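The following exercises ask the reader to work through a structure step by step. Each task is followed by its solution.

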Amino acid sequence: MEQQYELYTSEDREVWKQLYTRQHPQIVQYASQAVIDGMEQCGFRADEIPDFRKVNENLSHITGWEIYAVPGLIDNKLFFENLALKKFPCATWLRTMQQLDYLEEPDMFHDVFGHVPLLTNHEFTGFLSNLAVIALKNIDDEDFIERMSRLYWYTVEFGLIKQNGVLKAYGAGILSSIGETKYSLFSDQPKRVPYDLHTILDTPYIKDKYQEVYYVINSYEELFASIENYSESYV
Ligand SMILES: [Fe+2]
């Protein structure tokens, strides 16, 4: 399927504008520098719903990744096959005005605003590709895929990073949530522990509420190295 750009309504444009306008200042203040830089490189703006063709034009010059339109969540095999080919799935539809604060299913704001900025980062995307390649080798092993989903969840969706001694967010689940951005960084309820791949593989995750534990990386190089080492020891 393709993004039908001309079919976006004035409500869609208003939803994008409001979500962007509320969340962008939090990104500037609380997101990892790589996310802030990536958002700029992708050319996101409040008054323009991102056009996938333009996003891909930008990404192609930076990391060679691209996004492709999907109706919603897709099956694991297709998801990992495309990730291994540097293709990231993004929904094209937007939530309604009544759903600004919370939505169960990932929409375009989550997928594009949340995920795409880090597709400009070489170490992060290297981590993503490696994760996909390892998952694909074990695609029929349900238990293994569940463990890979945990790794994805606690990094790509809900990861934190220590940057110059200051905690910042990089996970898309955090970056696309107006409430969880501050919660993940400042609330005294969740635990924040150093990133450890093997601990994460053994830690089930919860959906539909704020996380109880966040794993903190020191750099995207650390993330990349962890999966490189894992795939060497595993294969
Ligand atoms: Fe996501």
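A pocket is an open set of grid points with protein on both sides within 12 Å along at least five of seven lines, and its lining residues have an atom within 4 Å of a point. The model examined here is predicted.

**Exercise 1.** Describe the second largest pocket by its volume, its lining and the elements that contribute to the lining.

*Solution.* 
Step 1. The second largest pocket holds about 180 Å³ of space.
Step 2. Its lining consists of 13 residues, and those nearest its centre are Glu2, Gln3, Asp51, Phe52 and Arg53.
Step 3. At least two lining residues come from helix 3 (52–62), and at least two from strand 1.

**Exercise 2.** Identify the protein donors of the iron ion and state how they are spaced in sequence.

*Solution.* 
Step 1. The iron ion has as its protein donors His110 (NE2), His115 (NE2) and Glu157 (OE), at 2.0 to 2.1 Å.
Step 2. Along the sequence, these donor residues follow the spacing H-x4-H-x41-E.
Step 3. Histidine 110 belongs to helix 5 (residues 108–115) and glutamate 157 to helix 7 (residues 142–157); the pair therefore ties together parts that are 47 residues apart in sequence.
Step 4. Buried means under 20% relative accessible area. Histidine 110 and glutamate 157 are both buried.

**Exercise 3.** Describe the largest pocket and state which residues lie closest to its centre.

*Solution.* 
Step 1. The largest pocket contains about 1,200 Å³ of space.
Step 2. It is lined by 44 residues, and the closest to its centre are Glu104, Pro106, His110, Trp153 and Glu157.
Step 3. Two or more lining residues are given by each of helix 1 (10–30), helix 4 (76–84), strand 2, helix 5, helix 7 and helix 9 (178–186).
Step 4. The lining divides into 21 nonpolar, 11 polar and 12 charged residues.

**Exercise 4.** Determine how many salt bridges there are, and examine the pairs of lysine 87 with glutamate 66 and of aspartate 107 with arginine 95.

*Solution.* 
Step 1. Side chains of opposite charge can pair when their charged atoms come close.
Step 2. The cut-off needed is 4 Å between a side-chain nitrogen of Lys or Arg and a carboxyl oxygen of Asp or Glu. By this rule there are 11 salt bridges.
Step 3. In the salt bridge of lysine 87 with glutamate 66, the closest N and O atoms are 3.6 Å apart. This pair links distant parts of the chain, since lysine 87 is in strand 2 (residues 87–91) and glutamate 66 in strand 1 (residues 66–70), 21 residues apart.
Step 4. Lysine 87 counts as partly exposed because its relative accessibility is 25%. Glutamate 66, at 32%, is likewise partly exposed.
Step 5. Aspartate 107 and arginine 95 form a salt bridge with an N to O distance of 2.8 Å. Both residues lie in the loop between strand 2 and helix 5, 12 residues apart.
Step 6. Aspartate 107 is buried, with a relative accessible area of 0%, and arginine 95 is buried at 5%.

**Exercise 5.** Which residues are linked in a network of salt bridges?

*Solution.* 
The network of salt bridges links Arg45, Asp47, Glu48 and Lys54.

Methods:
Residues numbered from 1 in each chain as written. Predicted model: local features only at pLDDT ≥ 70, side-chain atom pairs only at ≥ 80, totals over all residues. Heavy atoms only, no water. Donors = N, O, S within 2.8 Å, 3.2 Å for Na, K, Ca; no water. Helix = DSSP H or I, 4+ residues; strand = E, 2+ residues; numbered from the N terminus. Buried < 20%, exposed > 50% of the residue type's maximum accessible area, 1.4 Å probe, protein only. 1 Å grid on protein atoms, 1.4 Å probe; cavity = no way out; pocket = protein on both sides within 12 Å on 5 of 7 lines; lining within 4 Å. Points joined across faces, edges and corners; volume = space filled by probe spheres on them. Nonpolar A, V, L, I, M, F, W, Y, C, P; charged D, E, K, R; others polar.
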